[in-house]
Amino acid sequence: MHHRSVSDASRSPPELAVCGGPPAFASPRYVGTPGIPDRATLHARLDAMLDARRLTNDGPFAREFEARLGELNGGVEAVAVCNATIGMQLLLKALGVAGEVVLPSFTFIATAHACAWEGCEPVFADVDERTHVLDADSVAAKLSDRTAAIVGVHLWGRMCPVEALEALAAARGIPLVFDAAHALGCTHRGRPMGGLGTASVVSFHATKLVQSLEGGAILTADRDLAARLRLMRNFGFAGYDHVVALGTNAKLDEFSAAVGIGSLDCLERIVARNRANRVAYREALDGLPGLSLYEYDEAEDNNFQYLIAVVDPARCPLARDELVAVLHAENVIARRYFHPGCHRSAPYAARPVVLPVTERLSERLIAFPTGEGVDAADIARIGTILETACARAGAVRHALSEGRRARLAA
Ligand code: T4K
């Protein structure tokens, strides 16, 4: 294994942009650069859509997308929707969830908002320090007589402790649903994640592994639930002029579905790229003090759509936020996912709760650009930037505080 000391960086260190040098990248490298489907096939699909003048309302591309998603998930039902946030709302409504919902705070704000928007009270549980997903003991401690559902989040594509959560939900007779926005293509004990719990919601937002511009789907083995969801996403219509239930408009349009099908076609290509990027990041971060890659369960299928590194403040010469500022100056738009945690964000912060692991992780993680927006050469350069910054931590800190002072004075 290659081990380098920080002082190796002094051989030919580039001038860092925070210290006045030019940015390493002329154009930004983003977390979440969309993977682009094969254009010729997509154009042909869009022509077919325009020729048929079928633009939305359960059209042929939406149906094909659903069939492909069901297949990918072990034959479950897939109900395509306009985005995952609305998908989660629809699911909670269809299950009649009312009261408290126990969920992690360490997630994208949409998970909490979907619960609150449906009139439920989010009760935040803590996560496991190593896996970053719900800690079943913390969930158990948050259950009350008013708990109406448990919402697990397969963060970074890492499965929740499924069996432990199932046992807690079953003991109370409440649904266990999963926010699987990050988990398409991932498995639990070798089984596709779509069959877990009562239902799972995936996201096809532009920044996701499979994207449909905006979009999402609810996956469930429960055919009655799927049928209810299909009614509810289309105003409750059971046929022309025949409304049988409360509904809303949560449909996925044909343009989005056509992009989603094209994107599914390149799932393997993008996962392979993410995997290769991960190898490159491992090499780039190797030997840097206090910076380590988030580890996956190698026995499972993982999609590696997020490239997460953990900063150990006791060992890294720079703080997480300083590293992120260094990277942004170089046009590497790394992100502090998911800082500061839902429980410390509006409107939930009004009801204080202490979640030590969530708080620690939200101060320590960096999401790096991956997917098709970066290649091995970019990642090696990102490694050199970090190495140089760590070797010159004093100068970096000084430049950042000067910059802050200048901005305040301006
Ligand atoms: N649950 C979880 C656990 C989630 O992570 C999400 C969404 C949801 C639920 C809700 O799913 P949806 O309702 O969205 O289907 C982004 C996405 O907007 C959001 O969908 C995603 N999670 C979250 C993790 O990331 P932001 O606020 O970071 O977005 P933004 O605009 O800063 O985009 C991230 C980067 O991607 C940008 O720096 C640039 C790049 N980008 C973005 C877009 C939209 C592109 O290169 N091209 C693009 O078209 O939330």
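Is the crossing of α3 and α4 left-handed or right-handed? It is right-handed. Before going further, note that this is a predicted model.

Let me stay with that pair. Helix α3 covers residues 84-94 and helix α4 covers residues 109-117. Their axes are 9 Å apart, and the packing angle is about 40°. Angles from 65 to 115 degrees count as roughly perpendicular and those under 35 as roughly parallel, so α3 is oblique to α4. On the α3 side, the contact is made by T85, M88, Q89 and L92. On the α4 side, A110, A114, C115 and W117 make it. Sorted by class, that contact has 6 nonpolar residues, 2 polar ones and no charged ones.

The second pair is helix α10, residues 320-329, and helix α12, residues 376-391. Here the axes come within 11 Å and cross at roughly 130°. That angle makes α10 oblique to α12. This crossing is right-handed. From α10, the residues L323, V326 and L327 meet I382, I385, L386, A389 and C390 of α12. The contact has 8 nonpolar residues, with no polar and no charged ones.

Now the ligand. There are 25 residues around the ligand, and T85, D179, H182, S203 and Y337 come nearest. T85 is also one of the α3 residues in the contact with α4.

Notes. Residues numbered from 1 in each chain as written. Predicted model: local features only at pLDDT ≥ 70, side-chain atom pairs only at ≥ 80, totals over all residues. Heavy atoms only, no water. Axes fitted to C-alpha atoms, helices over the stretch in contact; angles between N-to-C directions. Helix = DSSP H or I, 4+ residues; strand = E, 2+ residues; numbered from the N terminus. Parallel < 35°, antiparallel > 145°, perpendicular 65-115°, else oblique. Left-handed = near helix turned anticlockwise from the far one by under 90°. Contact = heavy atoms within 4.5 Å. Nonpolar A, V, L, I, M, F, W, Y, C, P; charged D, E, K, R; others polar. Near = heavy atom within 4 Å.
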